[in-house]
Amino acid sequence: MTHTHCPYCSLQCGMTLTGRRTLEVQAWPEFPVNEGGLCRKGWTAAGLRGHRERLTTPLVRDRSTGELVAASWDTALDVVASGVRDLQAAHGPDAVAVFGGGGLTNEKAYLLGKLARVALGTSQIDYNGRWCMSSAASASNQAFGLDRGLPFPLADLEQTDVCVLVGSNLAETMPPAARHLDRLRERGGTVVVVDPRRTATADRADLVLQPVPGTDLPLALGVLHLLDAAGAVDEDYVAARTTGFDDVRRSVASWWPERVERVSGVAAEQLRALATLLAGAGTVTVLTARGAEQHTQGTATVQAWINVALALGMCGKPHAGYGCLTGQGNGQGGREHGQKADQLPGYRMIDDPAAREHVAGVWGVPAASLPGRGRSAHELLDALGTDTGPRALLVHGSNIVVSAPNATHVTERLAALDLLVVADIVLSETAAMADVVLPVTQWAEESGTMTNLEGRVVLRQQAVPPPAGVRSDLEVIAALASRLGSTAAFPSDPEEVFAELARASAGGRADYAGITYDRIRAEHGVFWPCPTPEHPGTPRLFADAFATADGRARFVAVEHVGAAEQPDDAYPLHLTTGRVLAQYQSGAQTRRVRALPDDGVFVELHPMLAARVGARDGEAVVVTTRRGELRAPARVVATIRPDTVFVPFHWVGANRLTNDALDPTSGMPEFKVCAAAVRT
Ligand SMILES: Nc1nc2c(c(=O)[nH]1)N[C@H]1C(S)=C(S)[C@@H](COP(=O)(O)OP(=O)(O)OC[C@H]3O[C@@H](n4cnc5c(=O)[nH]c(N)nc54)[C@H](O)[C@@H]3O)O[C@H]1N2
Ligand SMILES: Nc1nc2c(c(=O)[nH]1)N[C@H]1C(S)=C(S)[C@@H](COP(=O)(O)OP(=O)(O)OC[C@H]3O[C@@H](n4cnc5c(=O)[nH]c(N)nc54)[C@H](O)[C@@H]3O)O[C@H]1N2
Ligand code: SF4
Ligand SMILES: [Mo]
């Protein structure tokens, strides 16, 4: 019997694994985050074990036939190492790029960053987390001087008076977390959901606002306008704990409810109802997720909602504040330990001389040898195979072909590479394009830490041996570093890597120095920052001060610019994208789990729109945007705005349509809105 955590989302639900040949998932009731509850994906997670599509041997593309053929590890790693060496000799160190994932353990993310900066000497590394919570991260850094998705344990939600969920469908994306909303309502609290679709989460809410996609920013401006007019701003808190409110106050003055209604489609009355609720509440918690964040103005949108929480005096107060619901299993830790273009371990910035000195010291290399900041995820992919861009890409933990915005274009860039190397569990759509595929271990077959959406560092423990022929990402990275002649140490034992990571993070914003595997086991996870073995960890942040230089939170005035692509005659509708309960991300894993329903891609649209275009439930419709087209069955539902269509992105298709316009601060693509047309 082994206690571990689910292979999927950022809740990192605790689970117990039993059996060896047939691995069985059972509850782990003592683990506090999920109290024994799991969603369908968690219960069926063992479905990939022993799956016939599981990769168990490296594959190398035969140049003459173009086919991927089985190869030994030595051959496969030699092909990678010699390819890398040749390309770097001809084009310089940045000719080789690395793409990581927020599903990788802390140890993997850390070692991947070290591989890039030390063994490859390339600045070109980034990861799929850029597509996930990066806008919230930018806004939190700006406002609080620190980015930990939730600055409090998730269970604190139950004690808040009003919880506002902006663009989160947590009843489907982290189902065990929905019990906190139920308990909060049993206590007499109120749940507000802001989503263009009336989702399963909205079914648990008291007030549901259904804005036009991409208009959460003016909604927040309108709410603050009303709060200020009602005298509901906590002036003492604003004076004592923040800076910048005067500019924000001026900037919301012109956002009266009727103007907000014209822009967002949310009735002025509903906006007033929300403001009244917030003004009368003792504690308010505002949470954002991808619905609000995956926009070209995602950072500004999150900042606007943080402004609301700050004006009410909520941030740092018990059972209140602002938080972002991070998404991937290690979405939090994945952005702290150096697989991001601008970062070194411990959430240090790569252009900070002191940070470079410290990390270079741990790695035993000169600080001057570390490269500078590289391109953000989409900019990196967009540059692949161009005259100035990388010519080789190493992918660990992302299925880019399915999940990247404007995926047809990105797939063309991947095809233009001289060398594509993908380490994966299965032959994902991206691995299928690779020159070299490296089969790696999955969750139950290896150990490592994950940092969940609360900033709680948890331990995945190995329960079963890996299939023969498969290596861990850590072993792959270590083997590559050694073939590339790196003199720095690349341990491949997870606990050893963690100890090094902890040292590298010491003194950084995300300080793990006091955390060990033993402590995590004994304490059901440890919240960072935890600088020493005696330190209890930090479940709640900001009670006395924010992490800015002067200890105050920053209000930042933001303007509504609108989505990069607005509807017009040719594309009169809004397209938005997202998730369904039973599938995970690009579907590489969950589409192969037989116990999960796989209905394929579909197009959700309103009966009025369906009538107008002649669409019938279950029959094919065609969605087009300026980038591509998708033919898929219609799902006619009264729960979506009549001017909006929704497509889940777990299957190839949604991202042929999406817009790759980027948020200028975070590099987040506009997954959540573009202009579209529908026909039958
Ligand atoms: N079942 C399942 N669970 C998952 C995942 C999964 O793939 N499947 N992935 C995990 C990951 S990595 C993440 S990031 C999280 C994501 O978790 P969520 O953010 O909850 O998931 P999404 O479905 O992407 O988006 C949430 C909602 O945003 C709404 N939305 C769309 N456009 C807008 C808009 O402009 N404004 C507002 N306010 N709402 C809008 C959508 O209708 C959708 O209901 O889920 C995690 N959990
Ligand atoms: N249209 C649209 N597109 C989106 C989104 C959206 O809302 N709408 N959401 C975006 C978001 S929030 C996210 S997080 C991304 C996610 O999209 P992806 O980056 O594609 O994420 P996954 O599907 O989880 O891909 C993980 C891949 O790595 C493999 N894998 C799993 N574990 C490991 C491991 O430990 N090591 C290695 N080497 N491989 C492993 C899996 O089999 C899979 O092929 O999609 C983004 N794309
Ligand atoms: S909610 Fe997330 S972590 Fe929990 S069982 Fe489901 S997918 Fe796994
Ligand atoms: Mo995500």
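This is a predicted model: local features need pLDDT of at least 70, side-chain atom pairs count only at pLDDT 80 or more; totals for chains, interfaces and linings use all residues.

Colleague: Let us begin with ligand 1. How many residues surround ligand 1, and which are the closest?

Modeller: One starts with the shell, counting a residue if one of its heavy atoms lies within 4 Å of the ligand. For ligand 1 the shell holds 32 residues, and Asp-195, Asp-216, Arg-579, Gln-583 and Gln-585 are the closest. By class, nine of the shell residues are nonpolar, 15 are polar and eight are charged.

Colleague: Which polar atoms of the protein lie close to ligand 1, and at what distance from its oxygen and nitrogen atoms?

Modeller: Here one looks for pairs of N or O atoms within 3.5 Å. A polar atom in the side chain of Asp-195 is 2.7 Å from an oxygen atom of ligand 1. The backbone takes part as well: an N or O backbone atom of Val-580 lies 2.9 Å from a nitrogen atom of the ligand, and a polar backbone atom of Gln-583 lies 2.7 Å from a nitrogen atom of ligand 1. As for cover, ligand 1 exposes 910 Å² when taken alone, and the protein buries 100% of that area.

Colleague: Which space is the largest cavity?

Modeller: The largest cavity is the space taken by ligand 2. Around ligand 2 there are 30 residues, with Asn-128, Ser-398, Ser-403, Asp-424 and Ser-586 as the closest. This shell comprises ten nonpolar, 15 polar and five charged residues. Domain 2 (59-131 + 340-446 + 462-492) and domain 4 (573-679) each contribute at least three residues to the shell.

Colleague: Which side chains have an N or O atom close to ligand 2?

Modeller: A polar side-chain atom of Asn-128 is 2.6 Å from an oxygen atom of ligand 2, and an N or O atom in the side chain of Asp-424 is 2.6 Å from an oxygen atom of the ligand. For Asn-655, a side-chain N or O atom lies 2.8 Å from a nitrogen atom of ligand 2. On its own, ligand 2 has 910 Å² of accessible area, of which the protein covers 96%.

Colleague: Why is ligand 3 said to lie between two domains?

Modeller: One asks which domains give residues to the shell. Ligand 3 lies between domain 1 (2-48) and domain 3 (135-324) because both give residues to its shell. The shell has 13 residues, of which Cys-6, Cys-9, Cys-13, Cys-39 and Pro-176 come nearest. Ten are nonpolar, two are polar and one is charged.

Colleague: Turning to the backbone, which peptide bond is cis?

Modeller: The omega angle is the value to consult. From Trp-528 to Pro-529 the peptide bond is cis, with omega near -5°. Pro-529 belongs to the loop between β21 (526-527) and β22 (553-554).

Colleague: Which residue has a positive phi although it is not a glycine?

Modeller: That residue is Asn-406, with a phi of about 50°. Asn-406 is found in the loop between α16 (400-403) and α17 (407-415).

Methods: Residues are numbered from 1 along each chain as its sequence is written. Chains are lettered from A and ligands numbered from 1 in the order in which they are written. Side-chain values use heavy atoms; hydrogens and water are left out. A polar contact is a pair of N or O atoms within 3.5 Å; within protein, one must be able to donate a hydrogen and the other to accept it, and residues adjacent in sequence count only if both atoms are side-chain atoms. Accessible areas come from the Shrake-Rupley method with a 1.4 Å probe; for residues, only the protein chains shown count as cover. Ala, Val, Leu, Ile, Met, Phe, Trp, Tyr, Cys and Pro count as nonpolar, Asp, Glu, Lys and Arg as charged, and the others, Gly among them, as polar. Domain bounds come from an automatic or database domain assignment. On a 1 Å grid over the protein atoms alone, a cavity is a set of points where a 1.4 Å probe fits but cannot get out, and a pocket is an open set with protein on both sides within 12 Å along at least five of seven lines; lining residues have an atom within 4 Å of a point. A molecule sits in a cavity or pocket if more than half of its atoms lie within 2 Å of its grid points. Helices (H or I, at least four residues) and strands (E, at least two) are DSSP runs, numbered from the N terminus.
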